[in-house]
Amino acid sequence: MSGLSRRAFLKGAGGGLVVGFFVPAALKRFAFAQEPPPPAAPGLPPINAFLRIGEDESITVLLAHSEMGQGIWTTLPMMVNEELDADWSRFRVEHAPAAPEYRSPIFPIQMTGGSTTTWSELDRYRQVGAMARTLLVSAAAAQWQVAPGACRTEKGWVICGEKRASYGSLAAAASKLPAPEKVQLKDPADWKVIGQPTRRLDTPEKITGRAKFGMDVQLPGMLTAVVAHPPTFGGKVKDFDASAAKAVPGVRAVFAVPSGVAVAADHFWAAKKGRDALKVEWDLGPHTDVDTVKLRASYREKATSAGSEAAAGGDVEKALGSGAEGATLVAEYALPYLAHAPMEPLNCTVRHGKDGCELWTGTQFQTVDQQRVAAIFGLKPEQVALHTTFLGGGFGRRANIASDFVIEAAHVAKQLEQPVKVVWTRDDDIRGGYYRPMTVHRLEGSLDAAGNPVAWRQRIVSQSILGGSPFAAMVKNGVDPTTVEGASDSPYVKGIPHYRVEFHTTDPGVPVLWWRSVGHSHTAFAVESFLDEMAHAAKRDPLELRRALLEKSPRVRAVLELAAEKAGWGTPPPAGRARGLAVHESFGSIVAQVAEVEVEGGKIRVHRVVCAIDCGVCVNPLGVKAQMESGIAYGLSAALYSELTMKAGRVQESNFHDYRILRLHEMPKVE
């Protein structure tokens, strides 16, 4: 679509109204946004998201982002309809193709990640609804020979007195009018759609099986392939014997690719059996000594020495020695490697020809994947058509700078004449994927005679996610901001007179990637846990201590107080149970939770969680509720069960039987 003129686009779109829009957004708070998208060319702006109104009254919203369970298949159309005033039952949704026109308002690429979609698109998607409504009203006014101001809209109709015209009947005429140069958006006080609990548009698609995930893609003559990967990080193929694999019924080809040995077959099971029969001699590479027990010990040792400064205030060295007798605290928190483990295993389907290539995959990084595949086939990016499917979970794994599973599929396809779907089993991903880094936090604190925190020193030892990546320029003075976030900018830490947060970077050769809330996934745990240690040492109520430190952060404190109030903090819990609480801000949302916990047979059991959230503008309360419930489930999974361990450079866990997530009977009541 690059270089497409407005006239050519409208002609190719057929009957109806198509609206293109582009509104640059402020970079706001997001750390990754180092540069805005390139400025729009003079005249017509880039078309990077679209609304189609058909003569059959259908209304189709194209998403510039990927739906992977977070609910944007519903929230973005809600933004459009806030200004469009259409019939919600007529709405349909499609993933947009990969093209420059669909780049993010805050990144120079098309992508989904970092909890950016909703807040970055709030103005843009409302504006397209307002533009479309303006054009439809203008078309009706011209038809009736009245002033546009004499018309009003209601659920997909333009009305003037006794005259009524549906949006579908006006779409063709509206598409011929010049786009308005500017539109007036509603005052939030007048919103009727945003903020209303709304059932998800993708739920019927998924219940009926109409929703197409990457794993559902089927093409005529398509093969399915799996790849044997090295058992260690940095390993390579030395030699392989394919004879037994080729003898498996259905196996059509066995060959080397940069990531290992591919087995292509008529269907997945034949490919899997063929791979099992392969005899591969591996060069295990330089990381066969990776062992999590030894690695954790080295991290703990490193945490006893000074690291690179991430944040500092006051004189922490002096203050740590000036607390009341016995009031200096030391604690260590070790957090393991974690896998993303999405429910839908990684996959990518490729069909290539002399003049182009097509991809079908669930991706969070359309532009990056498109460019990398183009380079493999010697094509221009616009010659690679990338079709985004539904994602059966992403959590950052499908936003891979290396595009590992996508370029692997391209390399496999390059050696075949027919389309191929490359599938990773979950074992493949858990044992050979990218992980949340293992981290050790060492915290030291001091209290005064009144039990007030006066000193806080936190040393974080971990791998850098950004180091060696296109984002490496963000690493300043040895500090990766995505690792120290949630500690270096904590209102608790900065509410203490003397503080210092330090970072030690490591490089054991294990590939790491952003996982869910990135640095916050471990810093929140360490910070909140140490606050409880301080409260215990000071014999102070944990809520009262937090409230005092949050005096200059009223928004955060209000969320904490709301959760505490709703949970009955200060009243006796049920017999045998205790309560704990925490609050943390990440990616613009503040969440507080109170957990009601019991130890049963030596095991932790969480019975109840009360959750309060301030996420700013709440587009769909049902969606926010679902996100919080699932976040609690996965948060408890990470805290109680999930852990990756390594010996001799090999990941020991392989699937959900030994890389556990919360089971249904273990899920607490969530309010």
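Trainee: In this predicted model, at what angle do helix 15 and helix 16 pack, and is helix 15 roughly parallel or roughly perpendicular to helix 16?
Mentor: The axes of helix 15 and helix 16 (residues 542–549) lie 9 Å apart, and the angle at which the two helices pack is about 110°. Angles of 65 to 115 degrees count as roughly perpendicular, so the arrangement of helix 15 relative to helix 16 is roughly perpendicular.

Trainee: Which residues of helix 16 make the contact with helix 15, and what is the handedness of the crossing?
Mentor: From helix 15, the contact involves E528, L531, D532, M534 and A535, while helix 16 contributes P542, L545, R546 and L549. As for the handedness, the crossing in which helix 15 passes helix 16 is right-handed.

Trainee: Which aromatic residue pairs with F530, and how far apart in sequence are the parts that this pair ties together?
Mentor: The partner of F530 is W456, in an edge-to-face pair with 5.2 Å centre to centre and 80° between the planes. Because W456 belongs to strand 22 (residues 453–463) and F530 to helix 15 (residues 520–538), the pair ties together parts whose separation in sequence is 74 residues.

Trainee: Are W456 and F530 buried or exposed?
Mentor: A residue counts as buried when its relative accessible area is under 20%. For W456 the relative accessible area is 0%, and for F530 the value is 1%, so W456 and F530 are buried.

Trainee: How many aromatic pairs does the structure hold, and what is the geometry of the pair formed by Y337 and Y435?
Mentor: The structure holds nine aromatic pairs. In the one formed by Y337 and Y435, the centres are 6.4 Å apart and the planes are at 65°. Planes over 60 degrees apart count as edge-to-face, so the geometry of Y337 and Y435 is edge-to-face.

Trainee: Where in the structure does R397 lie, and what relative accessible area does R397 have?
Mentor: R397 is located in the loop between strand 18 (384–388) and helix 11 (404–414). Leaving aside neighbours within four places in sequence, its contacts include H340, D404, W424, D429 and Y434. R397 is buried, and its relative accessible area is 0%.

Trainee: Over the ring of which residue does the charged end of R516 sit, and over the face of which residue does R660 lie?
Mentor: The charged end of R516 is placed 5.5 Å from the centre of the ring it sits over, which belongs to W515. For R660, the distance to the ring centre is 3.9 Å, and the residue whose face R660 lies over is Y641.

Definitions and conventions:
Residues are numbered from 1 along each chain as its sequence is written. This is a predicted model: local features need pLDDT of at least 70, side-chain atom pairs count only at pLDDT 80 or more; totals for chains, interfaces and linings use all residues. Side-chain values use heavy atoms; hydrogens and water are left out. Rings of Phe, Tyr and Trp (its six-membered ring) pair if their centres lie within 6.5 Å; planes under 30 degrees apart count as stacked, over 60 as edge-to-face and the rest as tilted. Helices (H or I, at least four residues) and strands (E, at least two) are DSSP runs, numbered from the N terminus. Buried means under 20% relative accessible area, exposed over 50%, partly exposed in between (1.4 Å probe, protein chains only). A charge sits over a ring if NZ of Lys or CZ of Arg is within 6 Å of the ring centre and within 35 degrees of the ring normal. Contact means heavy atoms within 4.5 Å. Axes are lines fitted to C-alpha atoms, for helices over the stretch in contact, and angles run from 0 to 180 degrees between N-to-C directions. Angles under 35 degrees count as roughly parallel, over 145 as roughly antiparallel, 65 to 115 as roughly perpendicular and the rest as oblique. A crossing is left-handed if the near helix is turned anticlockwise from the far one by less than a right angle, and right-handed if clockwise.
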